[in-house]
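Before we work through this model feature by feature, please have the viewer open beside the text.

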Amino acid sequence: MNKVGSVLIIEDEVHLAQSIYSTLSSAGYQCQSATSIFHHFKEDYDVILLSSKACVDRCELFVRKNARAIIIIMSSFVSEDGVNRPLKAGAKDYILKPFKMEELLRKITYHRSYQKAIERASMYEKYLDFSAQNCEVDVHADHSFPLILQSHAQIGADMFVLNYARLHDFYLEFFSLKNLEDLPKQPKCSKHSERSCIAYFTHLEVLSLKERERFLSTLEAHNAIVSFVGQESLDYANLLSLESSQPTLSFNLLSIQDYEKSAIQQFSASYTDTELAKRLGISRKSLWEKRRRYNLPRKPQVEA
């Protein structure tokens, strides 16, 4: 269960401290109050509300010692000792007395959200650094768009695109080709200019040849990357194979699409559509749709 957070209130004005304690407790925070920084505090706090009058001359040292916490200075006026020095030492913000509790809550919520966003971004950066170590294809190289990526697994294409966008300072918009009806008519980014954005389309392999050609023709002059998972030979001018970045196995690992094609091609002559659909774990209608998608007409059965 995620707690809202713990707050230490250091305030020598008793009525103000009680009011803050009551407001934050009602909002779900676990609170503790003290009148000065010289109390013995047993735990680390997510937020510390620090009165400038309670600091005396050791405020900067206290702020540095509690650098992990979000420290907000509470002061009646802006001064060098009471506000500016604590901010330089690492305090995140200040609020002038008298203040409304809604304003204090807003500041706490903002800084906690910002801190979580920074921590999450740092985690993603570490993950991308880790994934880039196992990528044999150079993500630093410049590529022309639109670019087709071919790989054995979707994760390989995804990791390449994420690292490429990060290193070249592109913003990404994500689209899936599994539902063509849901795609925008133009692959435009919602909040960024075309020059700083890449539209990333996955699952090109699910489209028929005609659907692929029709779709790719709409991408001309756009910053777009399209992933194709499978071993099928592709004839596109701007194609980048990521096979070398995939683990080398002692056997050929087929994608689901390649497996379906192979099974339908191999067993259509030996089984009826009802039997083949049952062995593949799909319905006859789904089998018919896959024949049409992969351009695999029904073959005559071989008599025993």
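## Reading the cores, helix pairs and local geometry

Q: Which residues does Phe41 touch, leaving out those up to four places away in sequence?

A: In this predicted model, Phe41 touches Leu8, Ile10, Gln32, Ala34, Ser36 and Phe62 once residues up to four places away in sequence are set aside.

Q: Which residues of the largest nonpolar core touch the most other members?

A: The largest nonpolar core has 18 residues, and those that touch the most other members are Ile10, Phe41, Ile48, Leu50, Phe62, Val63 and Ile71. At least two residues of this core come from each of β1 (6-10), β3 (47-51), α2 (59-65), β4 (70-75) and α3 (80-89). Helix α2 gives the most to this core, with three residues. There is also a second, separate core of 17 residues, which includes Val7, Leu16, Leu24 and Ile70.

Q: How should I read the packing of two helices, and at what angle do α1 and α4 pack?

A: In general, two packed helices are described by the angle between their axes and the distance between the axes. Here α1 (residues 14-26) and α4 (residues 101-133) pack at an angle of about 60°, with their axes 11 Å apart. That angle makes α1 oblique to α4. The crossing in which α1 passes α4 is right-handed. On the α1 side the contact is made by Leu16, Ser19, Ile20, Thr23 and Leu24, and on the α4 side by Met101, Leu104, Leu105 and Ile108. Sorted by class, this contact of α1 with α4 has seven nonpolar residues, two polar residues and no charged residues.

Q: At what angle do the axes of α8 and α9 cross?

A: The axes of α8 (residues 273-280) and α9 (residues 284-294) cross at roughly 95° and come within 9 Å. Since angles of 65 to 115 degrees count as roughly perpendicular, α8 and α9 are therefore roughly perpendicular to each other. From α8 the contact is made by Asp273, Thr274, Leu276, Ala277 and Leu280, and from α9 by Arg284, Leu287 and Arg291. The contact of α8 with α9 divides into four nonpolar residues, one polar residue and three charged residues.

Q: Turning to the backbone, is the peptide bond from Lys97 to Pro98 cis or trans?

A: The peptide bond from Lys97 to Pro98 is cis, with omega near -5°, and Pro98 is found in the loop between β5 (93-96) and α4. A cis peptide bond also joins Phe145 and Pro146, with omega about -5°, and the place of Pro146 is in the loop between α4 and β6 (147-151).

Q: What is the phi of Asp169, and is this residue buried or exposed?

A: Asp169 has a positive phi of about 60° although it is not a glycine, and its place is in the loop between α5 (154-167) and β7 (171-176). With a relative accessibility of 65%, Asp169 counts as exposed.

Q: Is His203 buried or exposed?

A: His203 is buried, with a relative accessible area of 16%, the cut-off for buried being under 20%. His203 also has a positive phi, of about 70°, although it is not a glycine, and it is found in the loop between β8 (197-202) and α6 (209-217).

Q: Which residues does Ser227 touch, not counting those up to four places away in sequence?

A: Ser227 lies in strand β9 (residues 224-229) and is buried, with a relative accessible area of 0%. With residues up to four places away in sequence not counted, Ser227 touches Leu149, Gln154, Ala157, Tyr200, Phe201, Thr202, His203, Leu204 and Glu205.

Q: Where does Asn163 lie, and which residues is it in contact with?

A: Asn163 lies in helix α5 and is buried, with a relative accessible area of 2%. Leaving aside neighbours within four places in sequence, Asn163 is in contact with Leu128, Ser131, Ala132 and Val139. The C-alpha atoms of Asn163 and Ala132 are separated by 6.9 Å, while the two residues are 31 residues apart along the chain.

Q: How many helices and strands does the protein have?

A: The secondary structure comes to nine helices and ten strands. Of the 304 residues in the protein, 40% are buried. Among contacts between residues at least 6 apart in sequence, 63% join residues at least 24 apart.

Conventions:
Residues numbered from 1 in each chain as written. Predicted model: local features only at pLDDT ≥ 70, side-chain atom pairs only at ≥ 80, totals over all residues. Heavy atoms only, no water. Core = buried A, V, L, I, M, F, W, Y, C linked by side-chain atoms within 4.5 Å. Buried < 20%, exposed > 50% of the residue type's maximum accessible area, 1.4 Å probe, protein only. Helix = DSSP H or I, 4+ residues; strand = E, 2+ residues; numbered from the N terminus. Contact = heavy atoms within 4.5 Å. Axes fitted to C-alpha atoms, helices over the stretch in contact; angles between N-to-C directions. Parallel < 35°, antiparallel > 145°, perpendicular 65-115°, else oblique. Left-handed = near helix turned anticlockwise from the far one by under 90°. Nonpolar A, V, L, I, M, F, W, Y, C, P; charged D, E, K, R; others polar.
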